[in-house]
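This report is for a reader who is meeting the structure for the first time. Please look over the sequence and the structure before reading on.

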Amino acid sequence: MTATGYVPHSSGDVAEMLAAVRASSVDDLFAEIPEAVRRRELLALPAGLSETEVVSELRRLAGRDVPATQLVSFLGAGVYDHYVPAVVDAVVSRGEFLTAYTPYQPERSQGVLQTIFEFQTAICELTGMDVSNASMYDGGTALAEASILAGVQTRRGEVVLSAGVHPEYRQVLETESAGYGPRPRTVGLREGAATDLDALAAAVGEHTAAVVVQQPGFFGALEDLPAVAELAHAAGALLVVVADPVSLGLLEAPGRLGADIVVGEAQALGSAMNFGGPGVGYMAVTTRLMRRIPGRLVGETVDIEGRRGFVLTLQTREQHIRREKATSNICSNHALNALATLVYLSWLGKEGLPELGVHCARKAVYLRERLFALPGVTAFTAGPVFREFAVRLPLPAATVVDALVPEGFLAGVPAGRFAAQYAGLLPAAAAGDVSAAATALDDVLLVAVTEKRTRAEMDAFAAALGDILANREVGRG
C-alpha cells in the first residue's frame with residue numbers, strides 16, 4: 001500500500017521526509033495496523049483524470065441541471081425569488097466588508113460596526129421592537145435562540161408553537177431543545193391553514209414560557225396577533241412572532257401588536273436564493289429582554305473628542321464562551337448577508353418597501369384567482385394572503401411540479417414533503433400518523449409570487465397548469 005498518490009510531493013520529497021522519521025518506506029508508517037484489517041486490493045474507483053478532464057466532466061454534469069434563474073419561479077417556503085439590485089453586490093463585494101469575524105477592535109472597524117448598527121436600526125423599525133442584534137445564522141436558529149431566551153426569562157420549561165411555523169424551523173427547535181432550553185409543543189391548524197386558537201388556548205398554561213406563531217403562516221394564512229398576544233400574556237408567557245420582513249412593509253409591525261420577541265429570515269431582503277442559503281436570521285426584543293439577547297450588539301457612542309463612533313456593547317466576549325453558562329453559544333453572525341439586507345432596504349427606502357409589498361400582494365391575489373378558475377383547483381389557504389398561498393390540485397402536487405419544469409416553470413413547493421412535520425396537526429390528518437398527513441398534503445401546492453413575476457408569466461403558468469390538469473393520466477400514471 002502507498003500514500004504517495006494522496007499528496008503532491010515528488011519522490012525526492014518523500015525520501016527526505018522518510019529519512020527524517022527514520023523509515024525505509026511509506027508502508028513502514030502503517031506498520032502498527034494489523035494485517036487482518038488491511039485492504040490490499042485496489043478500491044473499485046475509476047482512473048484519475050487531469051484537471052482539464054475534470055472541468056469538462058463537471059461542465060457536462062452541470063449541463064444536465066436547469067438553474068432556477070432560467071425558469072419562472074414560484075418557489076417559496078422560506079426562500080424567495082426577489083430582485084436583487086446591482087448595488088447590493090457592488091457594496092458587499094468591497095474588500096472592507098469581506099470578513100465574517102466580529103470586529104472587537106472599534107478603532108479599526110468603524111465601517112463594519114456602523115453597518116451592523118444600521119442593520120439593527122432597520123430591523124427595529126421594521127418590527128416595531130426596541131433592540132435588535134447584529135443578526136443570526138438563519139430563521140431557524142433565531143427561533144431556537146428565542147425559545148432559550150424565553151425559558152431563561154420566565155423560568156418555565158415549555159414553548160407552545162403553532163403548526164403554522166415553518167416545519168424546518170420547528171425541526172431546528174426540536175433538535176436544539178433536546179439538549180438545552182424549553183421543550184416545544186405544537187398545536188394544529190384549523191381549516192384554512194391558520195392557527196387553531198382554541199387548541200392554542202388549551203395548550204397554554206403555567207409551564208408555558210412562550211407562544212410562537214408565524215406571520216404570515218407557512219401556508220400563507222394571516223394570524224390574529226392581538227388575540228394570540230392576549231392569550232400568551234394572560235398566562236404569563238412571552239409572545240414570539242416569526243415574521244416575514246418583506247410583509248412588514250404592508251402588515252402592522254408585530255411589536256405594536258404585543259410581540260415580546262420577533263425573529264425571522266431576511267434572505268428575501270437582498271440575498272439571492274443560492275440553492276437555499278446562506279440566509280440571514282434576525283432577532284429583535286423589547287427593552288426588558290435586551291440583556292438576554294444572543295449574538296452581538298453594536299451601540300452608538302462618542303470618542304474622547306466628541307466624534308460619533310460605534311462599539312460592541314452590553315455584552316462581553318467572555319459571556320459567549322462559557323458553554324452551558326453562556327447567554328448563547330451562537331457568538332457570531334452573518335454580517336455580509338446582513339449588510340446585503342441593509343443595502344437593499346436603503347435602496348428601497350421607506351416608500352419602496354410598502355410598494356414592494358403591494359406588488360407581491362396584488363400579484364398573489366391575481367394568480368390565486370387564475371388558479372381557482374382551473375377545474376379541480378381549490379383553496380387550501382383561506383382568507384387574505386400576502387405573497388404566498390397553498391392550493392389543492394386534482395393531481396399529486398409533486399407530479400405537477402415535475403411536469404411543469406420542461407414548460408419553463410418552477411411551480412412551487414409540494415407540501416407533501418413536510419408530511420412528517422404535520423402528522424396530527426391538520427384537520428384532515430387528525431389521526432396523528434404520517435400516512436394521514438401525507439394523504440392530506442399530497443395534492444397541496446405552496447405557491448409564492450414576488451414582484452418579479454409579470455402578468456404574462458402568471459397567465460402562461462396558469463395555462464400550462466391547466467393543460468396538465470386536463471390530461472389527468474400524466475399525473476396518475
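The model is predicted: local features need pLDDT of at least 70, side-chain atom pairs count only at pLDDT 80 or more, and totals for chains, interfaces and linings use all residues. Residues are numbered from 1 along each chain as its sequence is written, and side-chain values use heavy atoms, with hydrogens and water left out.

**The whole chain**

The protein chain has 13 helices and 15 strands; helices (H or I, at least four residues) and strands (E, at least two) are DSSP runs, numbered from the N terminus. Its C-alpha trace spans about 75 × 75 × 45 Å along the principal axes. Of its 477 residues, 49% count as buried, where buried means under 20% relative accessible area, exposed over 50%, and partly exposed in between (1.4 Å probe, protein chains only). Among contacts with a separation of 6 or more, 71% come from residues 24 or more positions apart; a contact means heavy atoms within 4.5 Å. The chain exposes about 23100 Å², and carbon and sulfur atoms supply 54% of that area, computed by the Shrake-Rupley method with a 1.4 Å probe.

**Helix H6 and its cover**

Helix H6 covers residues 167-177, and its buried residues are Pro167, Tyr169, Arg170, Leu173 and Ser177. They lie on the same side of H6, because the arc they cover around the axis is only 155°, taken from the directions from the helix axis to the C-beta atoms. The cover over these buried residues includes helix H5 (139-154) and strands E3 (158-162), E4 (183-187), E6 (238-243) and E7 (261-265).

Gln421 belongs to the loop between strand E14 (413-414) and helix H11 (434-441). Leaving aside residues up to four places away in sequence, Gln421 touches Pro167, Arg170 and Gln171. Gln421 counts as buried because its relative accessibility is 17%.

Most residues other than glycine have a negative phi, and most peptide bonds are trans. Two cis bonds are described here: Gln215 to Pro216, with omega about -10°, and Gly277 to Pro278, with omega near 0°. Pro216 is in the loop between strand E5 (208-215) and helix H8 (225-234), while Pro278 is in the loop between E7 and strand E8 (281-285).

Arg22 has a positive phi of about 60° without being a glycine. Arg22 is exposed, at a relative accessible area of 82%, in the loop between helix H1 (11-20) and helix H2 (51-63). Ser135 also has a positive phi, near 115°, but counts as buried at 0% relative accessibility. Its place is the loop between strand E2 (131-132) and H5.

**Aromatic rings**

The whole structure holds 10 aromatic pairs. Rings of Phe, Tyr and Trp (its six-membered ring) pair if their centres lie within 6.5 Å; planes under 30 degrees apart count as stacked, over 60 as edge-to-face and the rest as tilted. Two of the pairs are listed here.

| Pair | Centre distance | Plane angle | Type |
|---|---|---|---|
| Phe117 and Phe310 | 5.1 Å | 45° | tilted |
| Tyr344 and Trp347 | 5.8 Å | 40° | tilted |

Phe117 is in helix H4 (residues 110-127) and Phe310 in strand E10 (residues 308-312), so their pair ties together parts 193 residues apart in sequence. Tyr344 and Trp347 are 3 residues apart in helix H9 (residues 335-372), about one helical turn. Tyr344 is buried at 1% relative accessible area, whereas Trp347 is partly exposed at 44%.
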